[in-house]
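Welcome! Here is a friendly walk through one structure, taken helix by helix and contact by contact. Please keep the 3D view open as you read.

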Amino acid sequence: MTDPKPLTLAQRVRASEQRSIDAGAIRMPGGLLPAEAAQALDALVAANWAPSRTAAIARALIEARNNHVI
């Protein structure tokens with residue numbers, strides 16, 4: 001019996017994405033971020049507030065939720 005063929009990088013990425021979705025993550029549609037928000041986002045990443053734009057958006061959403069009664 002032969003060993004199963006290793007997964008390609010694309011297959012591993014898709015599997016990782018599916019695990020995140022199964023854990024409650026959502027895929028966001030593309031769109032335009034207003035210029036002021038885009039500048040703020042880039043400033044946060046440049047200041048190492050978050051390691052990426054996506055991480056900065058996620059952190060900002062979580063902090064906003066935690067700081068406001070919903």
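Asparagine 48 sits in the loop between helix H2 (35–46) and helix H3 (53–67). Helices here are DSSP runs of H or I with at least four residues, strands are E runs of at least two, and both are numbered from the N terminus. Although asparagine 48 is not a glycine, its phi is positive, at about 60°. This positive phi comes just after H2. Is asparagine 48 buried or exposed? With 68% relative accessibility, asparagine 48 counts as exposed. The cut-offs are under 20% relative accessible area for buried, over 50% for exposed, and in between for partly exposed, using a 1.4 Å probe and protein chains only.

A word on the background: this is a predicted model, in which local features need pLDDT of at least 70 and side-chain atom pairs count only at pLDDT 80 or more, while totals for chains, interfaces and linings use all residues. Residues are numbered from 1 along each chain as its sequence is written, and side-chain values use heavy atoms, with hydrogens and water left out.

**Helix lengths**

How far apart are the end C-alpha atoms of helix H1 (residues 9–22)? They are 20 Å apart, which agrees with the 20 Å that its 14 residues should span at 1.5 Å a residue. The expected span of a helix is 1.5 Å times one less than its number of residues. After H1 comes glycine 24, with a positive phi near 115°.

**Residues on the outside**

Leucine 9 belongs to helix H1, and at 56% relative accessibility leucine 9 counts as exposed. From leucine 9 to glycine 24 there are 15 residues in sequence and 23 Å in space, C-alpha to C-alpha. Arginine 19 is also part of helix H1, and its 54% relative accessibility makes arginine 19 exposed.

In the loop between H1 and H2 you will find leucine 32. Leucine 32 is exposed, with a relative accessible area of 87%. Leucine 32 and alanine 15 are 17 residues apart in sequence, and their C-alpha atoms are 28 Å apart in space.

**Salt bridges**

How many salt bridges does a search of the whole structure find? It finds 4. A salt bridge here is a side-chain nitrogen of Lys or Arg within 4 Å of a carboxyl oxygen of Asp or Glu. The table lists some of them.

| Pair | N to O distance |
|---|---|
| Arginine 14 and glutamate 17 | 2.4 Å |
| Arginine 27 and glutamate 17 | 3.6 Å |
| Aspartate 42 and arginine 53 | 2.9 Å |

Arginine 14 and glutamate 17 are both in helix H1, 3 residues apart, or about one turn of the helix. An α-helix has 3.6 residues a turn, so residues three or four places apart point the same way. Arginine 14 is exposed, with a relative accessible area of 53%, whereas glutamate 17 is partly exposed at 26% relative accessibility.

Glutamate 17 also pairs with arginine 27 through a salt bridge. Arginine 27 lies in the loop between H1 and H2 while glutamate 17 is in helix H1, so this pair ties together parts that are 10 residues apart in sequence. Arginine 27 is exposed, its relative accessible area being 56%. Together, Arg14, Glu17 and Arg27 are linked in a network of salt bridges.

**Where H2 meets H3**

The axes of H2 and H3 are 9 Å apart, and the two helices pack at an angle of about 100°. That makes H2 roughly perpendicular to H3. Axes are lines fitted to C-alpha atoms, for helices over the stretch in contact, and angles run from 0 to 180 degrees between N-to-C directions. Angles under 35 degrees count as roughly parallel, over 145 as roughly antiparallel, 65 to 115 as roughly perpendicular and the rest as oblique.

Which residues meet here? Leu41, Asp42 and Val45 in H2 are in contact with Arg53, Ala56 and Ile57 in H3, where contact means heavy atoms within 4.5 Å. By class, this contact has 4 nonpolar, no polar and 2 charged residues. Ala, Val, Leu, Ile, Met, Phe, Trp, Tyr, Cys and Pro count as nonpolar, Asp, Glu, Lys and Arg as charged, and the others, Gly among them, as polar.

Aspartate 42 and arginine 53 form a salt bridge. This pair links distant parts of the chain, with aspartate 42 in helix H2 and arginine 53 in helix H3, 11 residues apart. Aspartate 42 is partly exposed, with a relative accessible area of 36%.
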